[in-house]
Amino acid sequence: SSVSTTTNTTTATAKGAWVRLCIVINAAGTEAKFYIDGTLVATHTTNLPATSLALTGIMNVERVVVSSTLTWAIDYYRIKQTFTTPR
């Protein structure tokens, strides 16, 4: 979809701590669930792409207080797909 959906969560992350972010998309592509360290923080069912779900640019992190530089360090990135019909 060309419309974005924003969700503000109450799950905070600690500076310098490892954080595990997870996105689970159902087989029909009609629901996306977002997790922070295993805790469900958002479920989206609107404004999802009509043809396919691409993870490019799906996440944006913004600071509430802009007092220092925001740095991301990604240790690993994994995509896992489970087919509903074996191939």
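Modeller: Start with a rule. Two strands count as paired when DSSP finds at least two bridges between them. Here, Leu-21 stands opposite Ile-36 in E2. Keep in mind that this is a predicted model, in which local features need pLDDT of at least 70 and side-chain atom pairs count only at pLDDT 80 or more, while totals for chains, interfaces and linings use all residues. Residues are numbered from 1 along each chain as its sequence is written, and side-chain values use heavy atoms, with hydrogens and water left out.

Colleague: What makes a stretch a strand or a helix?

Modeller: Both are DSSP runs, numbered from the N terminus: a helix (H or I) has at least four residues, a strand (E) at least two. By that rule, the protein chain has 0 helices and 3 strands. Along the sequence, its pattern reads β-β-β.

Colleague: How do you know that E1 and E2 pair?

Modeller: Count the bridges. E1 and E2 share 5 of them, in the antiparallel sense. The rule asks for at least two, so the strands pair. One example is Cys-22, whose bridge partner in E2 is Tyr-35.

Colleague: What about E2 and E3: how many bridges do they have?

Modeller: They have 5 bridges, again antiparallel. Ala-32, for instance, has His-44 of E3 as its bridge partner.

Colleague: In which order do the strands lie in the sheet?

Modeller: The order is E1-E2-E3, in an open sheet of 3 strands with antiparallel pairing. Strand E1 (21-25) and E3 are the edge strands, each pairing on one side only. From one strand to the next, the twist averages 20°. Such angles run from 0 to 180 degrees between N-to-C directions, and the axes are lines fitted to C-alpha atoms, for helices over the stretch in contact.

Colleague: Which residues does Ala-42 touch?

Modeller: Leaving out residues up to four places away in sequence, Ala-42 touches Thr-7, Ala-32, Lys-33 and Phe-34. Contact here means heavy atoms within 4.5 Å.

Colleague: What class does Ile-25 get?

Modeller: Ile-25 is in strand E1. Its relative accessibility is 32%, so Ile-25 counts as partly exposed. Over the protein chain of 87 residues, buried residues make up 8%.

Colleague: What sets the phi of Asp-37 apart?

Modeller: The phi of Asp-37 is positive, near 50°, and the residue is not glycine. Most residues other than glycine have a negative phi. Asp-37 sits in the loop between strand E2 (32-36) and strand E3 (39-44). That hairpin has 2 residues between the strands.

Colleague: Why is Asp-37 called partly exposed?

Modeller: Its relative accessibility is 46%, so Asp-37 falls in the class in between. Trp-18, Val-19 and Arg-20 touch Asp-37, not counting residues up to four places away in sequence.

Colleague: Which residue takes a positive phi in the hairpin of E1 and E2?

Modeller: Gly-29 does, with phi near 75°. This hairpin has 6 residues between the strands.

Colleague: What makes Ile-79 part of a patch?

Modeller: Patch members have over 30% relative accessible area and no salt bridge; like charges are joined within 9 Å, nonpolar side chains (Val, Leu, Ile, Met, Phe, Trp, Tyr) within 5 Å. A salt bridge is a side-chain nitrogen of Lys or Arg within 4 Å of a carboxyl oxygen of Asp or Glu. Ile-79, in the segment after E3, has 60% relative accessibility and so counts as exposed. Ile-74, Tyr-77 and Ile-79 form the nonpolar patch, with about 390 Å² of accessible area together.

Colleague: How much accessible surface does the protein chain have?

Modeller: About 7,800 Å², of which 52% belongs to carbon and sulfur atoms. Areas come from the Shrake-Rupley method with a 1.4 Å probe; for residues, only the protein chains shown count as cover.

Notes: Buried < 20%, exposed > 50% of the residue type's maximum accessible area, 1.4 Å probe, protein only.
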